[in-house]
Structure formats: C-alpha cells, structure tokens
Amino acid sequence: MTQTHSPIPIHLLLVEDSEADIILTQEAFQEAGIHTHLHVARDGVEALEFLRDPARPRPDVILLDINMPRMNGLEVLREIKQDPQLMTIPVIMLTTSRAEEDILQSYQAYAASYVVKPVEFGKFYDAIQALGRYMLTIVRLPPRAG
C-alpha cells in the first residue's frame, strides 16, 4: 500500500461515541501514514465545548457521527454552521445511518460530505484510509485561523 505523508499534520476532531470506532479510526490513519493530530469528543456537547474553547486547537476537519447521546450529530452540525467562528470548518458526517432523511438534513445543514460507515471491519478500515487520503491529497482545506 502506498503511504500518504502530509507535510503539515492536520488537526482532526472525531466526534464519535463508539470506542471501537475511535480506535479503528486512529489505527487506520496511522497505518496509511496519514499524520493527524486526532482529537476526540464522545458526544455533541463535548464537541461544542472543544470547538468553543480558545485553548484548544481549531480543527481543520470534523468527522461527525449522527447517533450520539446528549446531542446528536445533526444538532451539532447546525450549531457549527450557525457560528461565524466555526462555520468554515469542513464537517464530514461519518455514520452508520443510511436514512435518506439524515442524508438530506446533513446536506441542508451544510455538511461537506456524508459517508456511511461500513459495518465490516476491513471495509471500515479501508474507508477511513480513503477518507484520510482524500482530506490530504485532493481537498483544499480553508486556511487556519490566525
């Protein structure tokens, strides 16, 4: 497998309540040689606290699950896109939901992409690596705030 090395590591906020998916995501990025500073929030409330804390680094990209306790991903997405300080951060919905309503609502709330997490381990791993390569080699991210 070809290694993808990013010259400058990206700050990635993973908003995910499944410990297994968090670990798989970390391992998939590492194995693909995708250099990230991976920050994790385990629900929507924790994600917004992270994003609004000036002592925390501003993420270059947010990977956001929909089905989470306390505040779901669609609610978080709407909050992010209504906040002038956060609205330019690309948000990729990364979820098991295939519901057309979730897909439509995500794009209506300005999600950059909607990716359905494969249930099978190997396919999930491959999808995360492909997503990492996409973020580092294809997409132009907005400049970091100052």
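Good morning. I begin with how the chain folds back on itself: in this protein, residues 24 or more positions apart account for 71% of the contacts with a separation of 6 or more. What we are viewing is a predicted model, and every value I quote is computed from it.

Let me set out the overall arrangement. The protein contains five helices and five strands. Read from the N terminus, its elements follow the order β-α-β-α-β-α-β-α-β-α. The protein has 146 residues, and 47% of them count as buried.

Isoleucine 92 sits in strand β4, which covers residues 91-95. Its relative accessibility is 4%, and because buried means under 20%, isoleucine 92 counts as buried. Which residues does isoleucine 92 touch, leaving aside those up to four places away in sequence? They are Val61, Ile62, Leu63, Leu64, Ser113, Val115, Leu131 and Met135. For orientation, strand β3 spans 61-64, while strand β5 spans 113-116 and helix α5 spans 121-138.

Next, a pair of helices. Two packed helices are described by the angle between their axes and the distance between the axes. Here the pair is α3, residues 73-82, and α4, residues 100-108; their axes come within 10 Å and cross at roughly 10 degrees. Angles under 35 degrees count as roughly parallel, and α3 and α4 are therefore roughly parallel to each other. Which residues meet where these helices are in contact? From α3 come Leu74, Leu77 and Arg78, and from α4 come Asp102, Gln105 and Ser106. By type, the residues of this contact divide into two nonpolar, two polar and two charged.

Most residues other than glycine have a negative phi, and most peptide bonds are trans. Arginine 70 is not a glycine, yet it has a positive phi of about 65 degrees. Arginine 70 belongs to the loop between β3 and α3. Is arginine 70 buried or exposed? Its relative accessibility is 61%, and since exposed means over 50%, arginine 70 counts as exposed. Tyrosine 110 also has a positive phi, of about 75 degrees, although it is not a glycine. Tyrosine 110 is located in the loop between α4 and β5, and it is exposed, with a relative accessible area of 61%.

With a relative accessibility of 80%, valine 119 counts as exposed. Valine 119 and threonine 96 are 23 residues apart in sequence, but in space their C-alpha atoms are 7.6 Å apart.

Finally, I come to empty space. Rolling a probe the size of a water molecule over the atoms shows where empty space is left. The second largest pocket holds about 180 Å³ of space. It is lined by 13 residues, and those closest to its centre are Leu51, Asp53, Arg58, Gln85 and Leu86. What kinds of residues make up the lining of the second largest pocket? Seven are nonpolar, one is polar and five are charged.

Thank you for your attention.

Definitions and conventions. Residues numbered from 1 in each chain as written. Predicted model: local features only at pLDDT ≥ 70, side-chain atom pairs only at ≥ 80, totals over all residues. Heavy atoms only, no water. 1 Å grid on protein atoms, 1.4 Å probe; cavity = no way out; pocket = protein on both sides within 12 Å on 5 of 7 lines; lining within 4 Å. Points joined across faces, edges and corners; volume = space filled by probe spheres on them. Nonpolar A, V, L, I, M, F, W, Y, C, P; charged D, E, K, R; others polar. Axes fitted to C-alpha atoms, helices over the stretch in contact; angles between N-to-C directions. Helix = DSSP H or I, 4+ residues; strand = E, 2+ residues; numbered from the N terminus. Parallel < 35°, antiparallel > 145°, perpendicular 65-115°, else oblique. Contact = heavy atoms within 4.5 Å. Buried < 20%, exposed > 50% of the residue type's maximum accessible area, 1.4 Å probe, protein only.
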